[in-house]
Amino acid sequence: MTIPPLKREQKETLLGLSLLFVILFLLCRLFPLVGDDWYREALGSNIHSPAELIREVAYRWSTTNSRIFANILAFSAGSRPLLRELYQTSFTLALIALLSRVTGIKGARGLMLWTAGVLALPLPIFSQIHSWAAGFFVFVPPTVLLLGCLAIVQPVIDGGELTESRLRWVALFIMGFLQELAAEHSALFGICAAGALLIWYRLERKKWSPSLISMLIGCVLGAALLFASPSYRLIGSGGTDYYKTGLTGGLGGLIQSAFRNLPTIAKYFILDCPVLYWSLTLLTLLLGLRLRGALNWLLKAVLAAGCLSLALLPAHRITAAFIWALALAAALFLWLPDRISRARTLFFLFSALTAAGPLLFVNPIGPRCLLLSYVLLLAAAGSVLKALKPESLPKPATWLAPAALSLTALAVCFAVFVPIHKTELQRTEILEEAMASGAKKAAVPAYDNSRWLWDADSAFKLGQYYYHEAPGDMEISFEPGPQSK
């Protein structure tokens, strides 16, 4: 059998993926261990076989933590830095590649564009996702698996017919099942997405899709396993200090929870995400640039005013965001040129909102919880960009912009994390010397640029790994970092 030669775009993509893997791997090697990572380092050092890993994950499911897939990754990576870095690199690269796939912005230029998009997160989200292994394993893998499912069934979104095969059924079942076993709101969104696509396909094609049924069954079974954990009884009854839902107060409790969480969700969903609201606004205005008529001019004015309000006016930002979002949805519905671009963009736009919805009813929540919504909004912006046909521009322009964005994002990350890595090495050396000498106290340098890190200087959590006889028996303090002196 003759293997057909690779097309130029495929060669560019393979070369880009290979180079990007190396760069991302070098970046991931610079991320320090912070916060809960130290607890998992101690846990991982006591796991020596797959059987021990399975027993530990099963024990956590039955007592405190039902996130089976996330725990498998986190526990197996504990005390194994190379494995942890390979996990982080692979899932980050997969996220970039899948954004390229689902938006249709492919090739090396697409990889460069989405590298910038994935790295240019608001700092609170970045610090709880990329540079915190515990957060990474809970929120990035399910996002990758969800995007993988959407990439496989993309013909459904585009209005075409889905090719059925046993391999596709198995892949969608497994991916749907696994993505349920991490973040709870991602699990709920997965069921909603699978159910909506199944019904959408039934209405459009007048038949049921075995692939979509397989995906939905995988999601439902995974969610059943996730929420069957006894740990949720404590959460539902308010009997834990960590997480609570509004269910204990009935309808009134849910409403109170929603009002309490709305500012946080709005902040990290859009208000503090200038990359998102500026790109969505500018790309949408470019779509309607040549359109005339009173309604079109009104939509343009509201979009522009709403975007400026988000950027410049701190008061009433939630109201401004609501009006801006309505104008954005209306403009995209009216201005997108064809069925495929309209369906893709609006699907990702409303999916981002749906994914954030369950967060209204659980406490506490943090910036990391909005990663899935952020990625879906990135996909919506990419779909609008694809509708503008950037490939029709001169080639130097289509290369220059994504190259500049990705190089800038990578340069900033390396500039921040190289000094952080040097500080981490100093801290490790000091603590290991203290352990060897039996010292009861150790003073280590604090991290500079700590905004890029989550829970960076926690003596309690660091003491879960560095101790003599029992966790916490060595007093750890922090001195100003090298750049602060």
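**Aromatic rings and their contacts**

In this predicted model, F31, F126, F417 and W452 are joined into a cluster by ring pairs. Rings of Phe, Tyr and Trp (its six-membered ring) are taken to pair if their centres lie within 6.5 Å; planes under 30 degrees apart count as stacked, over 60 as edge-to-face and the rest as tilted. Residue numbers start from 1 along each chain as its sequence is written. Because the model is predicted, local features need pLDDT of at least 70 and side-chain atom pairs count only at pLDDT 80 or more, while totals for chains, interfaces and linings use all residues; side-chain values use heavy atoms, with hydrogens and water left out.

The structure holds 16 aromatic pairs. One of them, between W200 and F347, is tilted, at 6.3 Å centre to centre and 55 degrees between the planes. W200 belongs to helix α11 (residues 184-205) and F347 to helix α18 (residues 339-356), so this pair ties together parts 147 residues apart in sequence. Helices here are DSSP runs (H or I, at least four residues), numbered from the N terminus. W200 is partly exposed, with 24% relative accessibility, whereas F347 is buried at 10%. Buried means under 20% relative accessible area, exposed over 50%, and partly exposed in between (1.4 Å probe, protein chains only).

Y277 and W278 also form a tilted pair, with 6.3 Å centre to centre and 40 degrees between the planes. Y277 is buried, at 5% relative accessibility, and W278 is partly exposed, at 34%.

Charged side chains also meet rings. The charged end of K300 sits over the ring of W297, 4.2 Å from its centre. A charge sits over a ring if NZ of Lys or CZ of Arg is within 6 Å of the ring centre and within 35 degrees of the ring normal.

Note on methods. Helix = DSSP H or I, 4+ residues; strand = E, 2+ residues; numbered from the N terminus.
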